[in-house]
Amino acid sequence: MKAIFDEAELATMKFGVGQPVPRTEDPTLLTGQGRYTDDLNRDGQAYGVFVRSSIAHGVLNGIDLDEARAMPGVLAIYTGADLAGYGPIRCGVPLKNFDGSEMRNPMRPAFPTDKVRFVGDPIAMVVAETPDQARDAAEVVVADIDPLPAVTDARLGAADGAPLLYNETPNNVVLDYHFGDKQAVDKAFASAAHVTKLGIVNNRVIVSAMEPRSAIAEYDPADQKWTIRVGSQGAFGLRNLLAKDILQVAPEKVRVLTGNVGGSFGMKAFVYPEYPALFHAARELGRPVKWTSDRSESFLADQAGRDHEVTAELALDAEGRFLGLRITGYGNMGAYIGQVSPMMSTLNIVKNVTSVYKVPAMEVTTKCVFTNSSPVSAYRGAGRPEGNYYMERLVETAAREMGIDRVELRRRNHIQPSEIPYDTVSGLTYDSGEFTAVLDKALAFADWDGFEARKADSQARGKLRGRGIGDYLEVTAPPQNEMGGIRFEDDGTVTIITGTLDYGQGHWAPFAQVLHSKLGVPFEKVRLLQGDSDELIAGGGTGGSKSIMASGAAIVEASDKVIEAGKKIAGHLLEAAVADIEFQRGRFSIVGTDRSIGVMEIAEKLRGGVDLPDDVPQTLDVKHVHEGGPSAFPNGCHVAEVEIDPDTGVVEVVRYHMVNDFGTVVNPLLVEGQAHGGIVQGIGQALMERCVYDEDGQVLTGSYMDYAVPRAADAPFFAFGTHSVPATTNPLGAKGCGEAGCAGSLPSVMNAVVDALAEYGVRHVDMPATPEKVWRIIQDARN
C-alpha cells in the first residue's frame, strides 16, 4: 500500500512554516549550558569596576585616586582625562526642530570631566587582579564635586529657571519637535461637536533584563584589532558604531562577539560609556579586562524606558467620527542623549498613534528635555505601545463622554478592508488588515456579552470589576539590509548566518523552519550563527519587531541562490541539461523522470571532492544580503478584565483574551510566547512599575525592595487567537510580533481599571495603578 505522505511531506508537516516547533535553544539553556558574557573568562584577564557619581548634578573639581592606587591588586585607574582620545557617543536620529533648525546634540564622552549629570554617571574605572580588589579600591576613590540643583522631571526641566545641564542647551530642550498640519488640525478642532482631552503620564520604567550588562575587552597589538565580548542586539551594527564613533578605526579592526543574551528589550542595543573604558584598559595593560554590572548598578546606569508626559486631544463630529488628533508633551531624555533617545516620544508617536483608525488631521508636538536622570532609550515597543495607549484612552473616554457604545465608536472609525492600501496622515501606507473583523472576533472570543454576569459575581464577593479594549496597530521598524548566509558544514550540518540576534526570542527554530520549508534541509541539521561580526557582511540587528521579516526574507532569497547553484551541479551529476532540472521538497530531479538527487546529497558529494567542470558552481554556500524593505503593520485587539478590592486598592487582571494579526505566523508556539511576555511587561507598567527620583535626583526605587516587577501570580492565563492577513511587503507575508503584547496590554488593562472605577466618577487613572493610588481614589470619591 502506497504511503499517503512521503518522508519530505511528513517533515514539512512537522517542521515547516506554520508549525508550533519548540524552541531549539531551550535544552541548552534550561540545563545551564548557556554561555552568557559573565560565564566567559579569558586567560590573564583583569577586572574593572566603575566609580559612579552619588550626586545627581554638580561640578567635578577633581578625583583623588592616591589611596585607591595603593590598594592591593590594583593595576590602574582611569578617568575622563585618560579617555579623551576616544570618540563620543552620539545621537543617530536626524530630527529637526519645529523651525527647521538642527536639534541640539551635546555628545557624551566616556566619562565626564566637567560636571556629573545623574546619580550613576561613571567618573572612573578601577582595574585590578580580582573583582573584590577592584571593588575595594573603587570604594576609597574620592570625588570632589560641588553640588548643583537638580531636575528629573521633563516638564519642570523645560521651565524657565530650571537647572541647566548644558550651557549650550537653553531650557534643557534638546529638540522642539513638530509634525503635522497645524492649520488643518486647528480647523478640525474648531468644527468639532465634541473634544476629549486627557493629560497622560507614560511612567519611567527600569528595564530589568534578567542578565545584567557585562563585557570583556581585548586588544591585539600585532593586528591592531579590538575585540569585545558583550551582550547586544546585533553584532554587526554594534561593531560599526564602536569602530566609527568610539575607536575611529576601520570596521574590520573591531570584532564584536555576542553569545547568549538574557534579555535586552532595547537596552543593550547601543554603545555604553563602559566599552571605551574597557578597551582603553585592555590596550594599556596588554591583557583582557572584564566587567559585570551588579543589579544596583543596573538600576542607576542602564538606559531606562518610557518617561513621557502628554496632553492628548481628540476632535469628533456629532456622530462620533474622528476629525483630528493632537498630542502635545514632553519626552525625558535623561542626562545624555542616546543613539535613538528622541525617537520614542516623537517619530514613533507620529507613526503609531492613529492606529487602526481613520484620522484626517494630526499634530504631534514634543519637547525632548535633558534631566538629571539616567539616559532614556528604547524599551519594548519604543513609542509604539505609547502611541496606541494614548489613542485608546482617548477613544474610551470619548465614548463615555458622548454616550456612544465604546465598541461602536471603534467600528465607526476603523479603516475598512476596501480602503486598503490606506495612506495615513503620518505618511505611511497600510498594505493589509481587517481591523473590524479582528475586533469582533476578539469580543466574541472574550465573551464580551457575558460580562455583566461576571461583574455581578465580583460584586457578590465585594469586588469591583471592569473591562477594557486595546485595539492596536504597530508600525514595525523598517527591515534594514540583512545577511542571509547559508553554509554547508563538514559535519553535515547547515549553518544560517544572519545579523539579527536572539536575546530571548528563540530565532533558531523559526529561521530553521523557513530554511526547511524553502530548501528541504532537515530541521535537526540546521545551526544558527548570529553573534560574530567577523562572519557578517550586513546586519540590521534585532529590534522593532522586524527579525522574521528581515532574516526570513534573507533566508528565502539565499535559498533561491542555493537552488540556482544546485540545479547546475545536479545537471552535471545527473547528466541532464540545467533547463530540465526542477527542485521540489529538497530534491533536484530531471523533469518527467524518477531520477533525482537531494540537496544534502549534493553537499556530501562536494565535501568528498567530486570533480566538477569550471563552469559549474563549486559550492552550495551563499553569502547574500537582503535589501531592506518597508515596515509591516501587526495589529490586533486585546480584551482585559480586572477586579479591584475597594478596601485595599489591589488590582488583579482576572481574564485576558486577544486576537492578533501577525500576518503569516512562522511558529505559532513562539509567537504566542512573545505575546505573553509583552503583555506581562505591559501589566507591569500599568499596575506597578515606576522609577522615582527625589528632588535631589536620588533614585528612591533603586532595588527590587522598592521597585515592583510582575511575577507569575500577577498574570492571568492568556487566551490567544489569530486572524492572519498576510503582509504584502515581504516574501513570507509576516508582520512581526515581539512588541505587540505591550501595545495591546497597556490600553486594555488601564481601560479596564477606569471602567471598574467609573461608578466613583473616575475619568482617568495614570499608570501605574498601584494599590495605594487606587485606594486613595476610592477614598476621595467616598468622602
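Visitor: What is the volume of the largest cavity, and what makes a space a cavity?

Guide: The largest cavity has a volume of about 60 Å³. On a 1 Å grid over the protein atoms alone, a cavity is a set of points where a 1.4 Å probe fits but cannot get out. Grid points are joined across faces, edges and corners, and the volume is the space filled by probe spheres set on the points. Bear in mind that this is a predicted model, where local features need pLDDT of at least 70, side-chain atom pairs count only at pLDDT 80 or more, and totals for chains, interfaces and linings use all residues. Residues are numbered from 1 along each chain as its sequence is written, and side-chain values use heavy atoms, leaving out hydrogens and water.

Visitor: How many cavities of 30 Å³ or more does a search of the whole structure find?

Guide: Six.

Visitor: Which residues line the largest cavity?

Guide: Among them are I89, R108, Y272, Y336 and P375; lining residues have an atom within 4 Å of a point. At least three lining residues come from each of domain 2 (37-93 + 106-148 + 212-261 + 268-301) and domain 3 (308-476 + 631-782), with bounds from an automatic or database domain assignment.

Visitor: How do you know that the structure holds zero disulfides?

Guide: A disulfide is a pair of cysteine sulfur atoms within 2.5 Å. For C368, the closest cysteine sulfur is in C91, 9.1 Å away, so that is too far for a bond. The sulfur of C742 is 12 Å from its closest counterpart, in C737, and therefore also too far for a bond. The structure holds zero disulfides.

Visitor: Why is C368 called buried?

Guide: Buried means under 20% relative accessible area (1.4 Å probe, protein chains only), with exposed over 50% and partly exposed in between. C368 has 0% relative accessibility, so it counts as buried. C742 is buried too, because its relative accessible area is 1%.

How values were computed
1 Å grid on protein atoms, 1.4 Å probe; cavity = no way out; pocket = protein on both sides within 12 Å on 5 of 7 lines; lining within 4 Å.
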